[in-house]
Every structure is written in structure tokens, then in C-alpha cells.
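Me: Take a close look at the charged side chains that pair up in this model. Give the cut-offs as you go.

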Amino acid sequence: MRSSNRNWLALGGAASLLASCGSEQAVAPPSPHPATPVTGPAVADEPVKIGEPYSVGGKTYVPADPVNYDEVGYASWYGEEAIGKPTANGENFVPSAISGAHKTLPLPSYVEVTALGSGRTILVRLNDRGPFSNDKLIDLSRGAAEQLGITGDGAAAVRVRRVNPPEQEKALLRARQRAPERIETPQPLLKVLRGRLAQVPASQPAQVQSARPVVQAVPAASSSSRRGASFDTPAVPTPKPAPKTATPAKPVSGGYVVQVAALYSQSRAEALARQIGAHAVAAGSVWRVRYGPYPSQAAAQAGVKAAAAKGFANVRVMANDAR
């Protein structure tokens, strides 16, 4: 259990903002939600990767190592649609881990993310690049979004502040577990942060992406101000339109299907299916996004190629049971 002095230290650079807002007694931290057990070895924090400037969608981003990063903006989240795919620093994406994606901060970095609607604050480990749509500030894993309480379909207003947490908290996140939640942000500070947010262009509702985009490095004008850590980002090919795949109005049994993803959210599954030209099928508590059906396993290779063109590798060809 942290002391009250240490809890207030977690607010970091907020003191100057609070000075003009009066004072209000902090609310006791909420009871942590149980974390989903995750198996597998813990990841490492070394080497820290910054990287060269890179371009995505015609826009160039310049990674940097600011110590006092503190911004407000909008957050989206992603989950099972990217399960097992490599993040920008080489780790496999685990939806239930408390992780996130940022365009420019070093990888990994640790940030406190505050939901400006509720004042709830959690610790997140950044290990990926993004988001690259709708001018959002951060992309959270499903586990992080659940802990923060922002798993709706739209973008959520947040504050993202870089921190250097205790080693035991870093170890929890490296082991894909949750660190204890911070105290809720005092209302005077929330008021100030929401005022800052009013100056940020409003984000559009979050969109489901078929895969984490691969970024393309561009030559840096000067790297003397950055750490010597390397960040070799693969080149991204020019997107090519995927072959159109017929989507049956109503899935039928028989034959074979190519399964792309299994999601808990019907709206996200249907959005992904529309985006890649597939269809979403309910299967108990999850929704499966699939191509097909096809009359044979050989014919199903057309669905495998369509999925690959949309960024999905290692998809499954399976017997179709219409469920």
C-alpha cells in the first residue's frame, strides 16, 4: 500500500495546475478489478528504442525522448483483431496486457493515463506505434481500456503523462498484469485538463483497424539530440486494394471458411467485417470474422490471400459450421 505522500507524488507536474484551482480532498482509490491471468514469460524493458522519423499515410512522425511529456487528447483501443501480431518493439501483442501504442515516445515507456470523464488513472506500458487515424493521442490494449473503463465504441478523452514508476510496478506490467490504480484525479485538476482538451480538435469515433500498421523510416535531419538506441522499422508497402470477396447475405453451413478474428464486441466485429469484405458470425459469447464459405480447402486459399492483403497472416482455414 502506498503512503499518502507517495500518492500525491504520482500526480507529478499537476501541482502547478492545481495552484490556480483551489484545493479538494482526493477520493480514495477504487478497488482494483481482477486481472485476467496471462501465461508466458515476461518481456524486457531493454533495449529502449526511439527510432528515426517515419511516415504513415503521407504524414511524418519524429520519435523523441521528452522527460516531462504531459498531453490531453483522445484514446481508442484494440484487442483480439491484433492478437499475436508483433508490436513496434518486437513483442507479441497480448490483448489482456496493460499496454498501449504512441506515435513518438520511446518504446517501452510508462505513462499514466487518466480518463477525463471519470478521473480514473492507470499505469500503462507503451510497446507499439500508433494510432494513425482520427488524430488520436494513444491506442490502448483491451486490457488497459477495461481497467480504465473506456471500452465503448467511440474515442475517449484522456490525459497521458510520462512517468517513471517503481520497479515492482514495471515488473507487473512486463508480466502482463495490472499495476495498482492511482487515486482518482481531483475535480479541480480535471476541470483544468478538460479546459486544455477543449483546445484539441475533436476526434471522430474510433475505427477498427485490420492490423497494426507497419511504419516506414525516413532519413533523419539530425540524430545528435537522441539516444543512440536503434529502432529498425520495416518499410511499409504501398497499400493495394484487396480482391473483392463475395459476402453471403446469410452464412450457410458446409464447406470451409477462413477465420480472421474472434472478437467479444459485435459492433467491432461487424465493423471489421465491413472493412475487409468478410462477414461476422455469432459463436457463443464471441463474434467470428470470416471469409467464405468455400466448397473446398483449395478454394479457401482465395480467402487466405484476401486476409493477407488486409494485413492478416496465419489465418485459419476451418470447416464451416455456420456458427
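**Salt bridges and their surroundings**

Reply: Glu91 is buried, with a relative accessible area of 11%. Buried means under 20% relative accessible area, exposed over 50% and partly exposed in between (1.4 Å probe, protein chains only). This is a predicted model: local features need pLDDT of at least 70, side-chain atom pairs count only at pLDDT 80 or more, and totals for chains, interfaces and linings use all residues. Residues are numbered from 1 along each chain as its sequence is written, and side-chain values use heavy atoms, with hydrogens and water left out.

Start with the partner of Glu91. The side chains of Glu91 and Arg125 meet in a salt bridge, 2.9 Å from N to O. The term covers a side-chain nitrogen of Lys or Arg within 4 Å of a carboxyl oxygen of Asp or Glu. Arg125 sits in strand 6 and Glu91 in the loop between strand 3 and strand 4 (99-101), so the pair ties together parts 34 residues apart in sequence. Helices (H or I, at least four residues) and strands (E, at least two) are DSSP runs, numbered from the N terminus. Arg125 counts as buried too, at 3% relative accessibility.

This pair does not stand alone. A network of salt bridges links Glu91 and Arg125 with Asp45, Glu167 and Arg174. The structure holds 12 salt bridges. Side chains of opposite charge can pair when their charged atoms come close.

Next, helix 4. It spans residues 167-174, and its buried residues include Arg174 from the network, along with Glu169, Lys170 and Leu173. These four cover an arc of only 140° around the axis, which puts them on the same side of helix 4. The arc is that of the directions from the helix axis to the C-beta atoms. An α-helix has 3.6 residues a turn, so residues three or four places apart point the same way. What covers the buried residues of helix 4? Strand 5 (109-115) and strand 6 are among the elements that do, where contact means heavy atoms within 4.5 Å. Arg176 follows helix 4, and its phi is positive, near 65°.

Glu181 and Arg120 form a salt bridge through their side chains, at 3.1 Å from N to O. Glu181 is in the loop between helix 4 and helix 5 (187-197) and Arg120 in the loop between strand 5 and strand 6, so the bridge ties together parts 61 residues apart in sequence. Both Glu181 and Arg120 are buried.

Now a third pair. Arg162 and Asp65 bring their side chains together in a salt bridge of 2.7 Å, N to O. It links distant parts of the chain: Arg162 belongs to strand 8 (residues 156-163), Asp65 to the loop between strand 2 (59-61) and strand 3 (70-78), 97 residues apart. Arg162 counts as buried, at 18% relative accessibility. Asp65 is partly exposed, at 29% relative accessible area.

Which of these residues belong to the network? Glu91 and Arg125 do, together with Asp45, Glu167 and Arg174. Within the Glu91 pair, burial is 11% for Glu91 and 3% for Arg125.
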